[in-house]
Amino acid sequence: MIQRLKTPNLDKKPSSLRYYQEGPPTSIELDLWRLTVSGKVESTLHLSYEEILKLPQIEESRRMVCVCNWSIRRTWKGILLSTVMEMAGVSDLEKYYLKQTSIGTKEKGVYQSTIPLGDAISRRSMLIHTVDGEPLPMEQGYPLRLFDFGLYGYKSVKGLRSLEVTDRFESGEWEQRAGYNKDGTIRPKKYWIVDLKQWQFVKKPGEFRDF
Ligand SMILES: Nc1nc2c(c(=O)[nH]1)N[C@H]1C(S)=C(S)[C@@H](COP(=O)(O)O)O[C@H]1N2
Ligand SMILES: [Mo]
């Protein structure tokens, strides 16, 4: 069972630290950590890790894609973003955006990214705490990361602290610094598929589903 969950060629995956702009926090006091959900919501939430584990869980094998042309399929476990949005009470998903902010570090501050909320919900975006059956390692976003698998990795924040429902579609860290597209939809082109050790030409925009 556990064997089947493991990602092939994981040792060939580009290092998380190479792409971690603000760097992983040095330590997290899980008892004190909360995910804050605020903004255009009926009720602001401060969810503890334990509370998140008590919500309905899902586990799915899905592909993440980095804008630097590599992809890896892994088994992700967590909750649906929609569960938390329902709890907070968001009236019109299509009208809003979701601004994610990381825990960050003293030295380098926080990482932020904003995504269209309606699209994120319709793509079954997840709030992830476990990968391949193990809690997320620190470099991969412990204790919780969001993932919208229709978008490049830079749009989804690791080491989450807060989610703000907003009517402003702001530019995030990478978009400002490197001129990356604010939309962030995965584009058709050639990608290195780490787990399969092969190149694949992807013809359709959005989440990879064919392999
Ligand atoms: N907080 C935070 N989240 C982040 C980033 C970051 O620099 N800081 N980089 C993004 C990018 S560009 C990618 S490709 C993925 C990398 O995820 P991994 O560590 O699982 O490889 O995290 C994304 N989320
Ligand atoms: Mo990335």
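Predicted model: local features only at pLDDT ≥ 70, side-chain atom pairs only at ≥ 80, totals over all residues.

User: Where is Lys-99 found?
Analyst: Lys-99 is found in strand E5. Helices (H or I, at least four residues) and strands (E, at least two) are DSSP runs, numbered from the N terminus.

User: Is Lys-99 buried or exposed?
Analyst: Lys-99 counts as buried because its relative accessibility is 13%. Buried means under 20% relative accessible area, exposed means over 50%, and partly exposed is in between, using a 1.4 Å probe and protein chains only.

User: Which side chain does the side chain of Lys-99 make a polar contact with?
Analyst: That of Glu-170, at 3.0 Å. A polar contact is a pair of N or O atoms within 3.5 Å; within protein, one must be able to donate a hydrogen and the other to accept it, and residues adjacent in sequence count only if both atoms are side-chain atoms.

User: OK, on to the ligand. How many residues surround ligand 1?
Analyst: There are 20 around ligand 1, and the closest are Lys-13, Ser-16, Glu-22, Ser-156 and Lys-158. A residue is near a molecule if one of its heavy atoms lies within 4 Å of it.

User: What kinds of residues are in that shell?
Analyst: The shell has 9 nonpolar, 6 polar and 5 charged residues. Here Ala, Val, Leu, Ile, Met, Phe, Trp, Tyr, Cys and Pro count as nonpolar, Asp, Glu, Lys and Arg as charged, and the others, Gly among them, as polar.

User: Which atoms lie by the oxygen atoms of ligand 1?
Analyst: A polar side-chain atom of Lys-13 lies 2.7 Å from a ligand oxygen, and a side-chain N or O atom of Ser-16 is 2.6 Å from one. Tyr-19 has a backbone N or O atom 2.9 Å from an oxygen of ligand 1.

User: And how much of ligand 1 does the protein bury?
Analyst: Ligand 1 taken alone exposes 530 Å², and the protein buries 99% of that. Those areas come from the Shrake-Rupley method with a 1.4 Å probe; for residues, only the protein chains shown count as cover.

User: New topic: where does Lys-106 lie?
Analyst: Lys-106 is in the loop between strand E5 (97–102) and strand E6 (112–116). At 83% relative accessibility, Lys-106 counts as exposed. Its C-alpha is 9.9 Å from that of Gly-23, though Lys-106 and Gly-23 are 83 residues apart in sequence.

User: What about helix H3, which of its residues are buried?
Analyst: Leu-81, Ser-82, Thr-83, Val-84, Met-85 and Ala-88. So H3 (residues 81–88) is mostly covered, with 6 of its 8 residues buried. Gly-89 follows H3 and has a positive phi, near 80°.

User: What is phi of Asn-69?
Analyst: Phi of Asn-69 is near 75°, a positive value in a residue other than glycine. Asn-69 lies in the loop between strand E3 (58–66) and strand E4 (70–80), and is partly exposed, at 26% relative accessible area.

User: Last one: what joins Tyr-142 and Pro-143?
Analyst: A cis peptide bond, with omega about 0°. Pro-143 is in the loop between strand E8 (134–135) and strand E9 (145–147).

Terms used
Residues numbered from 1 in each chain as written. Chains lettered and ligands numbered in written order. Heavy atoms only, no water.
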